[in-house]
Amino acid sequence: MSEDDDLRIEGIAGELRKPVRVSSRLDERVMRAVRELPRHSRLGLWSRLLRPRRVTVTPLPWAGGLLAAGLALAAVIGTQYVLGDSSDGRPSAKTAANAPQAVQFVLVAPDAKKVSVVGDFNGWDVTHAGYQAQHRGGGVWSVTASVPVGHHRYSFVVDDSLWVADPLAPRAADSDFGGPNSAIVVQSQE
Amino acid sequence: MNAVARAALTLLAVASAAAAQDPSLASRLDKETLAAVTAIVDSARLAKIPTKPLVDRAFEGAARGSDGQKIVFAVKQLSMRMGSAKTVLGPRTTPDEIKSAAGALEAGVSVRDLARVRSASGKRPVTMPLAVLTDLIGRQVPVATATDVVLQLAKSGVKDGDFSLYQRNVRADIEHGADPTVAATTRARGLVARTGAVTNPTK
């Protein structure tokens, strides 16, 4: 490197070492210009989301996994649908008018020790806590329970063994199992 | 296959089994009965017949201590009756109407008379009229008489509340010793006259 070159470099370095003179109003002018710009917060988010990036996927295991998970979810939803409504292929709108109604079941059974109500509304479960009648005195047993709108077959079970139809309710056909049953049609509050 | 895919496939297998078998049925029926009932329920689902009444019938059988063969037979019979009812009553029939109609068929009402009740009721639901019809037959009113009475009431535009009142009155009459046929026809005449007076006040 020649002596001239050294001098030229020294000169450039000297210029660069000088402090930069900035107008005292520069910050104010810049910030004013920034504030006047239109806001694009959503665009900023979108641009971040849509920003190209590199993703590496191993195809088969993930595709199989996602497909299986989707089918599993569909199967579970299908089960809920089948068990949760009358499953006639049409969705049932569960509105307030279709909400279960309070129904009082009454049986006069002076010698009974225990009276339960079983029917389509409780899965014919003799032990269902919400359908255990209470003795009100004088041999009168009753329970008020929530029953879905619709047509139901039911019966009283006395002392866990004797099946008794509701003497005040319409009779239901009972040729299948030979025991007496009653029918109830719970109406919506429309 | 990685762990995620294996877990998802396991979930699929479990969910498929759950879809095929009602878990509450599995806890109350033996293996053979469960398989037979599940097959009937699956078949009904494909035919768009309500399946809950079938499951309920199996529950009822189990609760009554019936053997598996009897439960399967009852569920199958109900499925067939509901299929007939759905066909006769039409595609817009609700599950409750189908269930009530299946009960009427079980009581001895013919498919033809079911169609007549449907026609006589117009756009009104037939759930209550058919429940009352089943009740009348259960109280020894002959099927033909009970059907005629309910047809007459339905044609007169009797509402569900009045059908219910009619059933209670007939029951009370029979319990007090009245002949079932006389009680059913006499109470029906009164209700038709009253309904006619309400719907045609000038007559």
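Two strands count as a pair when DSSP finds at least two bridges between them.

Follow β5(A) onward and you come to strand β6 of chain A, residues 162–164, which is joined to β5(A) by three bridges and runs antiparallel to it. Together β5(A) and β6(A) make a hairpin, with three residues between the strands. In that turn, look for Asp159(A), which has a positive phi of about 50 degrees.

Now look at the other partners of β5(A). Strand β7 of chain A, residues 182–186, runs antiparallel to β5(A) and is joined to it by five bridges. Here Tyr154(A) stands opposite Ser182(A) in β7(A). Strand β2(A) also pairs with β5(A) in the antiparallel sense, over five bridges. In this case Val118(A) has Ser155(A) of β5(A) as its bridge partner.

Next comes an open sheet of three strands in chain A, with the order β1-β4-β3 and antiparallel pairing. Its edge strands are β1 (101–108) and β3 (134–137) of chain A, each of which pairs on one side only. From one strand to the next, the twist averages 35 degrees. Between β1(A) and β4(A), residues 140–147, there are eight bridges, and the two strands run antiparallel. To find your bearings there, look for Phe105(A), which stands opposite Val143(A) in β4(A).

Finally, how confident is the predictor? The mean pLDDT of chain A is 73, and 55% of its residues reach 70 or more. Confidence is highest in strand β2 (residues 115–119) of chain A, at 97, and lowest in helix α4 (residues 59–84) of chain A, at a mean of 44. Over residues 71–94 of chain A the pLDDT is below 50, although this stretch has 39 contacts in the model beyond near neighbours in sequence. Residues 56–60 of chain A also stay under 50, and for them the model has one contact beyond four places in sequence. Where pLDDT is low, the predicted coordinates should not be read in detail.

Notes
Residues are numbered from 1 along each chain as its sequence is written. Chains are lettered from A and ligands numbered from 1 in the order in which they are written. This is a predicted model: local features need pLDDT of at least 70, side-chain atom pairs count only at pLDDT 80 or more; totals for chains, interfaces and linings use all residues. Side-chain values use heavy atoms; hydrogens and water are left out. Helices (H or I, at least four residues) and strands (E, at least two) are DSSP runs, numbered from the N terminus. Axes are lines fitted to C-alpha atoms, for helices over the stretch in contact, and angles run from 0 to 180 degrees between N-to-C directions. pLDDT is the predictor's confidence in each residue, from 0 to 100. Contact means heavy atoms within 4.5 Å.
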